[in-house]
Amino acid sequence: MCVWRGLSRLPGIVRPSGWRSPIFTALRATWADLVDSRELLYELVRRDVRVRYKQAAMGFLWALFMPVVVVLSGLIVRLVMTQFGGAELDTSVIGGLAVKAVPWGFFVGGLSISTMSLVANRGLVTKVYFPREVLPVSALLAQGFDTTVATIGVIFMLPLIGGTLSVNLLWVPVLIVLLFCLVLALGLVFSCANVFFRDVRYIIQVLLTFGIFFTPVFFEPFMLGALGADLIMLNPVAPLLEGFRLTVIEGLPLTQTLTTEFQGDSIVMWRPAYLAYSAVWAIGGLAVASRWFRSGVTSFAEYA
């Protein structure tokens with residue numbers, strides 16, 4: 001006991017029973033603020049959804065626009081690849097593209113609008129007191145409405161594009177939560193940074209535009225070989241997208257190491273460590289982002 005009391009006074013050492021780390025304290029405080037401001041959060045989400053679809057000729061079809069574009073683009077890429085490889089394009093490829101297009105659309109759209117959330121609501125930020133985290137969270141939830149509509153469309157198509165009904169579909173809610181936490185963590189960081197440096201939004205747009213080539217949306221990681229697969233999985237979004245494909249289309253578990261044959265070689269296409277890696281980025285990143293966001297709140301009114 002005396003030894004532990006001495007160690008607990010060292011920097012970075014906390015008592016496990018208290019969870020007194022400033023990072024996790026900030027995360028708990030953020031959650032409490034969001035719960036207390038749930039009515040405001042609801043109204044902001046409702047406003048954002050209404051504005052998005054007001055006088056829109058396509059209506060809810062806009063929610064399907066991004067996934068459809070991604071799938072069509074991916075089909076062109078895969079058709080070119082199969083022409084060179086002499087293989088055939090089966091329905092599972094289309095299913096994999098569709099299943100990954102929806103979360104990728106959520107990632108791109110959610111990060112874009114959450115980055116702009118504070119600056120776009122400068123009138124509220126400078127004149128009214130409320131937990132500032134409400135703005136990026138409401139922007140992300142509004143994007144979630146679009147994603148829900150697109151998901152329903154994909155669900156109806158799954159029997160035709162190679163979906164597999166299995167117990168491994170229970171992994172889907174876990175992947176959804178991790179993806180939401182990851183996008184929220186990035187949204188908190190970049191929305192805060194965009195208040196102080198207005199060119200952050202342009203940097204984000206460039207990264208999101210070309211990020212699809214560094215994320216396994218149009219292709220599967222094992223196509224890059226053993227080393228390439230491990231490198232592409234360093235992108236924390238990659239294991240989540242691949243997890244959706246493996247569970248929904250292939251019906252495979254995420255708790256086992258999975259291999260496949262590609263061009264005569266046996267290549268590992270999934271390791272449980274991939275999911276753990278993304279979870280660390282999502283949950284740990286959200287804790288760090290909450291702390292960083294709250295440290296800059298006092299200056300938002302001045303720079304917004």
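Student: Where is the place of Phe 213?
Tutor: Phe 213 is in the loop between helix H10 (200-211) and helix H11 (225-232). Helices are DSSP runs of H or I, at least four residues, numbered from the N terminus. This is a predicted model: local features need pLDDT of at least 70, side-chain atom pairs pLDDT 80 or more, while totals for chains, interfaces and linings use all residues. Residues count from 1 along each chain as its sequence is written, and side-chain values use heavy atoms, without hydrogens and water.

Student: Why is Phe 213 called exposed?
Tutor: Its relative accessible area is 53%. Buried means under 20%, exposed over 50%, partly exposed in between, with a 1.4 Å probe and protein chains only. So Phe 213 is exposed.

Student: How many aromatic pairs does a search of the whole structure find?
Tutor: Four. Rings of Phe, Tyr and Trp (its six-membered ring) pair if their centres lie within 6.5 Å; planes under 30 degrees apart are stacked, over 60 edge-to-face, the rest tilted. One of the pairs is Trp 104 with Phe 107, at 5.5 Å and 25°, which is stacked.

Student: What separates Trp 104 and Phe 107 along helix H5?
Tutor: About one helical turn, because they are three residues apart in helix H5 (residues 91-115). Trp 104 is buried at 4% relative accessible area. Phe 107 is buried too, at 8%.

Student: Why is the pair of Tyr 277 and Trp 281 edge-to-face?
Tutor: The ring centres are 6.4 Å apart and the planes stand at 65°, so the pair is edge-to-face. Tyr 277 is partly exposed at 27%, and Trp 281 is partly exposed at 41%.

Definitions and conventions
Helices (H or I, at least four residues) and strands (E, at least two) are DSSP runs, numbered from the N terminus.
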